[in-house]
Amino acid sequence: MAQKVLAIDDEPMILTTVKVILEDMGYPVTTTSDFVEGEREAINGDYSLILCDLRMPEKNGAEVTKTIMTARPDARILIITAFPGDPLAAEAIDAGAIGMLRKPFEISKILEVLTSEDL
Amino acid sequence: MKYQITKAEMEDPGSFAAELEKLNSEAKRIVETTPKAVKREIAKTEMEALTRTLGLPTDGSISLSLAPDEMSCSISFFPPNLGGALITNDMVAIQLEKNKITKGLDWNTIEETTFACNTELRQFSDVVIAKGLAPKDEIPAHFEIIQESVEADSADNTDGNNHRNKAVDHRNRSTFRIVEKDDVIARLIPKVLGIPGYTVTGRDIPFRRRPNDDLKPGKNVHQIGSEYAASCTGSMKMNDKSFWVDEVLVVDDEIGYRTGHIQFPGDVIIRGEVKDGFFVKSGGDIHCETTLDASNIDCRKDLAVRFGIIGRQDAIVQVGGKVQTKFIENCNLAAGGDIDFSVGIVHSVIKSQGHIRGGRQSAIVGSEITAMNGLEVYQIGSRSGPTSEIIAGVDFRIKERIEWIRDKNIELAMKLTSIENHLKSSPSDKVAKGIREKIKTSIHELNKAALQILPQLTKDDDVSVVVRGTAYPGTSIEISHVPYVVTREMSGVRFLLDKKAGRIKVEKI
């Protein structure tokens with residue numbers, strides 16, 4: 001079964017392009033700009049990788065990461081941020097995020113996770 | 001052991017003789033039970049002390065020691081006591097002959113020590129009386145390169161010492177050296193003959209011949225007596241086989257409307273400013289003797305800047321090889337090799353296929369740094385200044401290609417979305433359908449290309465980021481795509497990838 005990707009971001013451009021690019025490579029992508037829906041999907045769905053924006057209007061990516069990791073400690077989360085030195089990014093990493101993507105996104109890091117042997 | 005003859009013993013010689021017998025047998029036991037190696041050394045002193053205590057005369061004597069490599073011989077001289085026989089030169093000569101000590105003898109020392117020992121009645125230990133001679137290597141004729149320290153301000157040498165015209169070992173050469181016509185760049189050191197050595201036992205030790213380094217003068221070098229000079233102004237180069245001078249373009253004035261753009265297949269020396277909007281392209285090295293006010297610099301080999309590189313607006317500095325400078329400011333610089341800077345990198349985007357190394361008090365402030373083989377610096381960030389991002393273990397050229405593909409794909413994805421929206425309202429639009437298929441094919445091809453080069457992206461998981469001074473909060477460090485954000489001041493630390501845990505670990509240095 002193909003590895004599924006979930007993208008949580010309030011920027012439609014990022015969601016659209018991630019979906020187009022990854023689905024072309026054979027990875028089904030679910031996108032949402034609603035963090036509540038994103039958390040629910042991440043916890044209940046069988047996603048190999050979750051992409052999550054760090055700065056969202058209602059809840060930040062570090063908090064979303066904490067929620068997901070509490071329910072699903074095996075989740076693999078990559079945080080999307082414009083500023084890698086953001087203290088919230090450190091919080092997200094401490095909470096269990098495995099990496100950071102510079103905006104709009106770094107396809108190489110996404111593919112590294114999806115193509116890594118231990119998945 | 002000290003024995004005092006008592007009054008009772010004086011009055012009773014039988015008792016004295018019995019005690020003497022007892023002492024003699026004790027002395028004999030000591031001698032017999034002492035290990036052989038020690039026995040020789042202590043035998044004389046102990047026995048003499050014993051016999052002296054007993055009031056018996058002892059003869060002067062000597063003890064000879066030969067070094068294991070037979071390169072020296074020493075004698076300990078023991079003085080006579082209570083009228084014992086004196087040490088004589090003959091006694092010494094017999095011992096020397098017995099031990100076959102024939103060369104390097106110092107008879108003055110032997111005679112003086114013998115005399116002093118006999119007259120002062122004092123022991124002289126381990127007096128060196130013969131020395132061998134170590135052989136001297138034969139050194140073939142060879143070239144000594146006269147080095148002018150262009151790199152005096154480099155990261156390794158921040159003390160301001162400028163050692164001009166100093167002869168150095170050519171293996172420690174700098175990568176870049178500018179010479180003027182007729183500057184002496186090397187001298188021929190004549191062959192030094194080897195001298196055989198000998199041991200004190202007369203064994204000859206042959207000398208060794210050092211290998212010839214085979215260095216030969218190359219192009220644009222001429223001979224003046226035993227010296228070799230540059231035949232033109234240029235850049236002195238050398239490898240293991242030869243040294244030569246490459247002709248260079250020297251721009252004494254500023255690069256601007258008078259000179260136009262500079263495009264030169266060889267090395268370029270810039271002595272003035274590069275005016276806004278003008279570019280310099282060099283097929284070789286670029287050497288800048290002042291500050292490089294960079295507009296657009298394309299240097300295929302190494303870039304050496306005596307002071308600093310200051311970028312202008314969207315200035316891009318591309319270097320095929322190494323970079324050596326004091327500071328880099330407002331610059332977008334990419335280098336195929338290492339970058340050495342002595343003072344700082346400020347508000348810049350720096351990429352290196354090698355290692356980035358800062359000088360003793362160097363700092364990186366408000367910059368984005370990619371260093372494939374890691375980075376070492378004194379300080380990153382400051383208490384109130386802008387933060388920096390350090391990326392290590394990643395090949396920036398591959399990263400840039402993947403990012404280019406991503407940007408193209410973003411464009412195509414947006415077009416695809418709008419065409420698909422159009423097709424929702426006009427599902428039979430054949431032209432739109434055709435475009436949609438073409439876009440999809442393009443995206444697919446680009447993705448294939450990205451996947452092909454992806455394995456080359458992460459080069460080295462073992463690189464480290466070393467901060468000898470302080471890393472300030474807000475500094476982001478990423479090694480082989482694994483991130484770490486500095487949230488408190490950290491001093492004297494090394495950031496490494498813990499591959500097993502998939503985390504960055506921090507070690508004290």
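Predicted model: local features only at pLDDT ≥ 70, side-chain atom pairs only at ≥ 80, totals over all residues.

Reply: Residues are numbered from 1 along each chain as its sequence is written, chains are lettered from A and ligands numbered from 1 in the order in which they are written, and side-chain values use heavy atoms, with hydrogens and water left out.

Me: What makes residues of chain A and chain B count as in contact, and how many are there?
Reply: Contact means heavy atoms within 4.5 Å. By that rule, 28 residues of chain A are in contact with 28 residues of chain B.

Me: What is the area buried between chain A and chain B?
Reply: It is about 2,400 Å², and carbon and sulfur atoms give 65% of that. Buried area is the accessible area (1.4 Å probe) that two parts lose on being put together, summed over both.

Me: Why is the pair Glu389(B) and Arg102(A) called a salt bridge?
Reply: A salt bridge needs a side-chain nitrogen of Lys or Arg within 4 Å of a carboxyl oxygen of Asp or Glu. Here the N to O distance is 2.4 Å. That is within 4 Å, so the pair qualifies. Between chain A and chain B the count is three salt bridges.

Me: Which elements give two or more residues to the side of chain A that touches chain B?
Reply: They are α1 (12–24), α4 (87–95), β5 (99–102) and α5 (107–115) of chain A. Helices (H or I, at least four residues) and strands (E, at least two) are DSSP runs, numbered from the N terminus.

Me: How do you know that Glu91(A) and Lys66(A) are partly exposed?
Reply: Buried means under 20% relative accessible area, exposed over 50%, and partly exposed in between (1.4 Å probe, protein chains only). Glu91(A) has 35% and Lys66(A) has 38%. Both values fall in between, so both residues are partly exposed. Their side chains also meet in a salt bridge at 3.3 Å, N to O. The pair links helix α4 to helix α3 (residues 61–71) of chain A, 25 residues apart.

Me: What makes strand β14 (residues 242–251) of chain B mostly covered?
Reply: Seven of its ten residues are buried.

Me: How do you know that β13 (residues 234–238) of chain B pairs with β14(B)?
Reply: Two strands pair if DSSP finds at least two bridges between them. Five bridges join β13(B) to β14(B), so they pair. The two run antiparallel and form a hairpin with three residues between them.

Me: Which strands run parallel to β14(B)?
Reply: Strand β10 (residues 216–217) of chain B does, with two bridges. Strand β16 (residues 267–270) of chain B does as well, with four. Leu249(B) has Val268(B) as its bridge partner in β16(B).
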